[in-house]
Amino acid sequence: MSSVSFRKLEKSYGALRIVKGIDLEIADREFVVLVGPSGCGKSTTLRMLAGLESISGGEIRIGDRVVNKLPPRERDIAMVFQDYALYPHKTVRENMAFSLKVRGVPEAEIRTRIAQAAEMLGIGQLLDRKPSQLSGGQRQRVAMGRAIVRRPQVFLFDEPLSNLDAKLRGQVRTEIKRLHQAIGTTIIYVTHDQVEAMTLADRIVILKGGEIEQVGTPDEVYNTPASVFVGGFIGSPAMNFARGTIRGGDVVLDGGAAIPLRARLAGSAGGLEGREVIVGIRPEHFVPASDGHAVSGRVQVVEPLGSDTLIHFAVGPSTLTARVAPQMRPAPGEALSIGVDPSRIHLFDAATERALV
């Protein structure tokens, strides 16, 4: 088991900077998820840690060792890829045993490790099959088993669920969580899927354009996003945004609706008076009009989901989405009055898009 640290980590291809001076400390046994849109540098960062990409600048430590110049085989890591990377001509057992045989692990020890990993992943009955005889979910379990038997200091997962259908993603995601609870090894996991990040991570690292936008627990990045980008990236449906101005302790949205924020702003009201802001409201933080300060709009689209209903409605120039009770089914074009809980409002600076309060 081991900690991992990135210090001023850089990756450039000529004049193009992909990773821009990342600083990050990952504790021993921690499950950290790197998440962000395509091109943000998350997979490149993971590949530099694995030794599959050279480092343009900075330092990577695994435990107390600087591993910048170590080849992958000497870093004591195991990586699970999105395409499984199994040997098609070998059985599951042979795939799982291969790296151990290369390292000279005794046969008896290999059999023990394979049996333990197979039991943990529920693939004992598949050991004599070849990859072509397995489903996508089974192949991913085998790929995980092949990593587990190595007993590395750090597990790396590079978008391991992206090739699976929705049902299998949920199943394998649960197995990865259970795996971490069982073995306690440090895990660094890359995904573009914020649901995977929220459900798996001890901490989430949100990347944008090769830089860290925010690091925090799932609750922290959801409830106190550091920027408009984080607020919009984390959460499904995404956070609503509308422009407005702070006036007399209220935030007045473009379009005329005013939401009282005196209690929320407290001593900050004077310093924010007249400031242009971006207001963030999560869909589930709309409430019945009688329970909060109401905003009025016109319904555009209604999406019944069974457990709840999503209502998309226009307020001035903005289109907002509210998650409401399933029995609430206004018709498109109908006028809507809905409450907003002022204590759940997020305010961001209109110029920098960073959080204010």
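Me: Before we start, which residues count as nonpolar, and which as charged or polar?
Reply: Ala, Val, Leu, Ile, Met, Phe, Trp, Tyr, Cys and Pro count as nonpolar; Asp, Glu, Lys and Arg count as charged; the others, Gly among them, count as polar. Keep in mind too that this is a predicted model.

Me: OK. How do the residues lining the largest pocket divide into those classes?
Reply: The lining has 13 nonpolar, 2 polar and 4 charged residues.

Me: And how much space lies in that largest pocket?
Reply: About 480 Å³. Of the 19 residues in its lining, Met-79, Phe-81, Ser-99, Arg-103 and Arg-150 are the closest to the centre.

Me: Which elements give two or more residues to that lining?
Reply: Strand S6 (77-80), helix H2 (92-102) and helix H4 (136-148). H2 gives the most, with 4 residues.

Me: What volume does the second largest pocket have?
Reply: About 170 Å³. Its lining is made of 12 residues, and Met-120, Ile-148, Val-149, Arg-151 and Ile-183 lie nearest the centre.

Me: Which helix gives the most there, and how does the lining split by class?
Reply: Helix H3, residues 107-121, gives the most, with 4 residues. The lining of this second largest pocket has 8 nonpolar, 2 polar and 2 charged residues.

Me: Back to Arg-151. Where is Arg-151 found?
Reply: In the loop between H4 and strand S7 (154-158). Phi of Arg-151 is near 50°, a positive value in a residue that is not glycine.

Me: Why point that out?
Reply: Because most residues other than glycine have a negative phi.

Me: Which other residue has a positive phi although it is not a glycine?
Reply: Glu-159, with a phi of about 45°. Glu-159 is in the loop between S7 and helix H5 (166-183).

Me: Is Glu-159 buried or exposed?
Reply: Glu-159 counts as buried because its relative accessibility is 13%, and buried means under 20%. Arg-151, with a relative accessible area of 45%, is partly exposed.

Me: Now the peptide bonds. Which residues does a cis peptide bond join?
Reply: Ser-236 and Pro-237, with omega about -5°. Pro-237 has its place in the loop between helix H8 (228-233) and S11. As background, most peptide bonds are trans.

Me: What does the UniProt record say about residues 4-234?
Reply: The unreviewed UniProt entry annotates them as "domain: ABC transporter". Over residues 4-234 the chain is 37% helix and 26% strand, and the end C-alpha atoms are 25 Å apart.

Me: On to sheets. In what order do the strands of the 4-strand sheet come?
Reply: The order is S2-S1-S4-S5, in an open sheet with antiparallel pairing. Strand S2 (16-26) and strand S5 (65-66) each have a single partner strand, so one side of each is left without a neighbour in the sheet.

Me: Over how many bridges do S4 and S5 pair?
Reply: Over 2 bridges, in the antiparallel sense; S4 covers residues 57-62. Ile-62 stands opposite Arg-65 in S5.

Me: What about the open sheet of 5 strands, what order does that one have?
Reply: S13-S12-S11-S14-S20, with antiparallel pairing. Strand S13 (258-260) and strand S20 (346-349) are the edge strands, each pairing on one side only. From one strand to the next, the twist averages 40°.

Me: How many bridges join S11 to S14?
Reply: 6 bridges join strand S11 (residues 240-247) to strand S14 (residues 276-281), and the two run antiparallel. Gly-244 has Val-277 in S14 as its bridge partner.

Me: And how many join S9 to S10?
Reply: 5 bridges, with strand S9 (residues 203-208) antiparallel to strand S10 (residues 211-216). Leu-207 has Ile-212 in S10 as its bridge partner. This hairpin has 2 residues between the strands, and Gly-209 takes a positive phi near 60°.

Me: Last one: where does Pro-288 lie?
Reply: In the loop between strand S15 (286-287) and strand S16 (293-304). Pro-288 counts as partly exposed because its relative accessibility is 48%. Pro-288 and Asp-341 are 53 residues apart in sequence, and 9.5 Å apart in space from C-alpha to C-alpha.

Definitions and conventions:
Residues are numbered from 1 along each chain as its sequence is written. This is a predicted model: local features need pLDDT of at least 70, side-chain atom pairs count only at pLDDT 80 or more; totals for chains, interfaces and linings use all residues. Side-chain values use heavy atoms; hydrogens and water are left out. UniProt positions are given in the numbering used here, feature names are shortened, and annotations may be inferred rather than shown by experiment. On a 1 Å grid over the protein atoms alone, a cavity is a set of points where a 1.4 Å probe fits but cannot get out, and a pocket is an open set with protein on both sides within 12 Å along at least five of seven lines; lining residues have an atom within 4 Å of a point. Grid points are joined across faces, edges and corners, and a volume is the space filled by probe spheres set on the points. Two strands pair if DSSP finds at least two bridges between them. Axes are lines fitted to C-alpha atoms, for helices over the stretch in contact, and angles run from 0 to 180 degrees between N-to-C directions. Buried means under 20% relative accessible area, exposed over 50%, partly exposed in between (1.4 Å probe, protein chains only).
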